[in-house]
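Please look over the sequence and the structure shown here before reading the report.

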Amino acid sequence: MTEPDFLVATRAAYDASAALYVELVSQTFLSNPLDHAMISVFAELVRGAGDGLVADVGCGPGHVTAHLGSLGVTAFGVDLSPEMIAIARDAHPGLRFEVGRMEALDVEDASLAGVLANYSIIHTPPERLPLTLAEFHRVLAPGGLLLVAFQGYDHPSELAEAFDHKVSLAYRYSPDRVAELLLKAGLTEVARLICAPGEDRLRGFPHAHLLARRTA
């Protein structure tokens with residue numbers, strides 16, 4: 001099956017810049033307590049619902065997958081880039097990592113307690129975002145939780161705007177429009193955190209964290 005051009009380009013870009021990206025993203029994550037706050041809430045809710053499995057989609061070098069593990073969540077990582085997965089396996093040999101696509105996960109229907117997409121939908125073109133959200137719904141068990149984070153875009157009528165990400169073409173999304181798409185996919189918003197543009201020292205974008213639950 002022929003892959004969409006954006007997947008081919010994104011994989012090649014991350015494979016080529018994997019070593020440099022690992023250093024950058026790890027430092028960014030460690031210095032951002034607001035990201036940690038939402039992930040901690042997500043982990044607590046997943047634990048409260050039982051001992052379910054969580055997929056960290058677009059896991060990169062596996063640092064967030066490992067963080068979920070430190071919070072008592074059983075998690076595995078999936079990433080489009082084989083180079084990223086190799087780094088993740090080397091850095092976290094006790095965890096499971098696999099190459100895969102977030103819009104076509106190798107996971108059974110309704111089998112996951114949670115899905116984390118931490119800044120990983122940003123390379124998904126807007127017209128394909130509903131397909132990705134539908135896949136998250138497919139793999140989540142009833143009552144399962146999704147946490148999705150992305151650079152925000154404040155516009156009353158548009159879903160997304162492209163921006164020049166350091167690795168590959170990316171999109172920042174309207175939180176309200178993404179919430180609407182989540183609802184259409186069968187995922188009801190539970191909470192959101194919007195970080196003010198001034199908190200993003202690099203680009204001055206707002207950042208959005210949406211927590212949603214698959215309808216039971």
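Predicted model: local features only at pLDDT ≥ 70, side-chain atom pairs only at ≥ 80, totals over all residues.

## The buried face of helix 6

Helix 6 spans residues 129-139, and its buried residues are Leu 129, Thr 132, Leu 133, Glu 135, Phe 136 and Val 139. Seen down the axis of helix 6, these buried residues fall within an arc of 155°, so they line one face of the helix.

The partners of this face include both strands and a helix: the buried residues of helix 6 pack against strand 1 (53-57), strand 4 (112-118), strand 5 (140-151), strand 7 (170-173) and strand 8 (187-195), as well as against helix 7 (175-184).

## Salt bridges

Side chains of opposite charge can pair when their charged atoms come close. Across the whole structure, a search finds 10 salt bridges, among them one between Glu 189 and Arg 192, whose closest N and O atoms are 2.7 Å apart. Glu 189 is partly exposed, with a relative accessible area of 32%, and Arg 192 is likewise partly exposed, at 34%.

Salt bridges that share partners also join Glu 3, Arg 11, Arg 101 and Glu 103 into one network.

Another salt bridge links Arg 96 with Glu 98, where the closest N and O atoms are 3.1 Å apart. Arg 96 counts as partly exposed at 40% relative accessibility, whereas Glu 98, at 19%, counts as buried.

Technical notes
Residues numbered from 1 in each chain as written. Heavy atoms only, no water. Buried < 20%, exposed > 50% of the residue type's maximum accessible area, 1.4 Å probe, protein only. Helix = DSSP H or I, 4+ residues; strand = E, 2+ residues; numbered from the N terminus. Arc of directions from axis to C-beta. Contact = heavy atoms within 4.5 Å. Salt bridge = Lys/Arg side-chain N within 4 Å of Asp/Glu carboxyl O.
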